[in-house]
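Please read the following note alongside the sequence and the model. It sets out, point by point, the contacts that a colleague may wish to inspect.

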Amino acid sequence: MGHSATHTGPGHSLPHARRSFERRPRFARRIGFAGSLMSLAFSVVAVTQGPEAVAGDGSHWSRRFGDQAPTDPNSANIMAFIRADSTTNYVRISGGTQDGLWGTPVYHSGADDPTYRIHNSCGTTHAPPEFDSVRIPVGAKPDPTSDASMVVIDSSRGKEYALWHAAFNGDTQTWHSCGGSVYYLASNELAGSLKQSNERRNYGHRGIPPDILAVTWQELQSGSIDHVLRVAVNNTKCKHVFPMSGDECGSWAQWAPPEGAIMRIKQSVDLGSLGLSAPALVVARALQHYGAVIGDQSGGPVEIKLENTVAEGRGWLWKSVLSATSMSRIPLSSFEIIKLGYDG
């Protein structure tokens with residue numbers, strides 16, 4: 001914690017469109033989309049670019065909870081706590097500034113990339129055995145903040161990884177991180193410790209897979225975010241509910257939200273009438289149809305993350321597309337909590 005952006009600290013169980021294992025290009029080959037998004041004339045029409053490797057049809061996180069799930073009986077009390085506890089009255093977006101700070105770099109690796117054994121820099125923090133062999137593109141960098149987080153998706157191997165306090169030592173050509181996560185792309189992406197999981201090797205970030213940790217540039221350009229988002233709030237309860245496998249224990253307050261709670265924009269809210277920019281409308285539709293799982297403490301606002309394209313070396317792609325206040329036309333009073341632990 002300590003910053004108003006989502007905190008992904010060490011030791012936490014750990015990130016978008018349909019997943020395609022064979023068609024995902026590695027990061028170094030990704031085509032820049034800056035030209036088509038630099039203006040506010042953002043198009044929400046799907047493009048022909050290959051699909052992003054993200055929570056696919058078989059993933060628990062691709063279910064439209066916003067459309068089908070019942071409202072929790074204590075939704076009003078939980079949302080009242082979140083509103084009173086937040087430093088903003090809307091969902092703040094991090095990672096869209098000129099420096100990209102507090103966003104999450106997302107890299108795609110493949111056969112042409114070097115393989116590393118990721119050394120555990122925190123002796124008390126567990127790292128999954130898959131960290132013994134991880135392909136990472138040359139030049140990859142973590143978010144240059146105290147979290148130093150990054151995501152690597154290796155579609156050809158069917159795995160996705162998330163690292164915290166990540167660092168590359170150029171002298172020894174070694175990667176280090178303070179623990180991390182691994183999830184298998186062909187699974188339902190639930191933590192392996194949960195009875196509902198179909199892949200016992202899924203591990204990290206208390207149950208949240210790497211591919212929902214941040215809104216990516218490519219899915220924004222496609223005009224559709226087809227999965228649950230991850231959201232952080234100022235304080236979470238010392239309790240968790242499905243689909244989370246653990247919690248950060250920030251508050252014992254009666255109505256503090258447990259990690260795993262899913263908040264959504266109420267179905268009664270007419271998003272088209274709010275005057276949102278086209279990119280903000282894409283995010284808002286995801287928040288209404290899929291919802292956002294409360295999976296971290298932010299140290300301030302209710303907040304979601306963007307992909308950190310600056311750390312990736314692609315420049316400030318989010319300029320004039322999304323900013324910290326792009327969702328400010330939707331007050332937190334427009335949100336509700338779905339039934340806790342819902343697995344309908």
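The points below cover the basis of the note, the disulfides, the salt bridges, a sheet, the aromatic pairs and the nonpolar cores.

1. Basis. This is a predicted model, in which local features need pLDDT of at least 70 and side-chain atom pairs count only at pLDDT 80 or more, while totals for chains, interfaces and linings use all residues. Residues are numbered from 1 along each chain as its sequence is written, and side-chain values use heavy atoms, with hydrogens and water left out.

2. First disulfide. The whole structure contains two disulfides, a disulfide being a pair of cysteine sulfur atoms within 2.5 Å. One of them joins Cys-122 to Cys-178, with an S to S distance of 1.8 Å. The torsion about this S-S bond is about -115°, so the disulfide is left-handed. The bond links distant parts of the chain, 56 residues apart: Cys-122 is in the loop between E4 and strand E5 (134-135), and Cys-178 is in the loop between E9 and strand E10 (180-184). Helices (H or I, at least four residues) and strands (E, at least two) are DSSP runs, numbered from the N terminus. Cys-178 is buried, at a relative accessible area of 0%. Here buried means under 20% relative accessible area, exposed over 50%, and partly exposed in between (1.4 Å probe, protein chains only).

3. Cys-238 counts as buried at 15% relative accessibility, whereas Cys-249 is partly exposed at 38%. With bonded cysteines counted along the chain, the pattern is 1-2, 3-4.

4. The structure holds twelve salt bridges, each a side-chain nitrogen of Lys or Arg within 4 Å of a carboxyl oxygen of Asp or Glu. One of these is formed by Arg-63 and Asp-343, at 3.2 Å from N to O. Arg-63 is in the loop between helix H1 (34-37) and helix H2 (65-68), and Asp-343 is in the segment after strand E15 (335-337), so the pair ties together parts that are 280 residues apart in sequence. Arg-63 is partly exposed at 24% relative accessibility, as is Asp-343 at 37%. Asp-67 and Arg-64 form another salt bridge, their closest N and O atoms being 2.5 Å apart.

5. Which residue meets the side chain of Arg-230 in a salt bridge? The partner is Asp-296, at 3.0 Å from N to O. Arg-230 lies in strand E11 (residues 229-233) and Asp-296 in strand E13 (residues 292-297), so parts 66 residues apart in sequence are tied together. Both Arg-230 and Asp-296 are buried. Salt bridges with shared partners join Arg-206, Arg-230, Glu-259 and Asp-296 into one network.

6. A three-stranded sheet. An open sheet has the strand order E4-E9-E8, with mixed pairing; two strands pair if DSSP finds at least two bridges between them. Strand E4 (119-120) and strand E8 (167-169) are the edge strands, each pairing on one side only. E4 and strand E9 (residues 174-177) are parallel, over two bridges, and His-119 has His-176 in E9 as its bridge partner.

7. Aromatic cluster. Tyr-116, Phe-168 and Trp-175 form one aromatic cluster. Rings of Phe, Tyr and Trp (its six-membered ring) pair if their centres lie within 6.5 Å; planes under 30 degrees apart count as stacked, over 60 as edge-to-face and the rest as tilted. The structure has five aromatic pairs. The rings of Tyr-116 and Phe-168 have centres 5.9 Å apart and planes at 85°, so this pair is edge-to-face. Tyr-116 is in strand E3 (residues 115-116) and Phe-168 in strand E8, 52 residues apart. Phe-168 and Trp-175 form a tilted pair, 5.3 Å centre to centre with 45° between the planes. Trp-175 is buried at 2% relative accessibility.

8. Nonpolar cores. A nonpolar core is a set of buried Ala, Val, Leu, Ile, Met, Phe, Trp, Tyr and Cys residues joined through side-chain atoms within 4.5 Å. The largest has 39 residues, and those with the most contacts inside it are Leu-229, Met-263, Val-283, Leu-322 and Phe-335. Helix H5 (residues 278-289) gives the most to this core, with seven residues. Apart from this core lies another of 24 residues, including Trp-164 and Phe-242.
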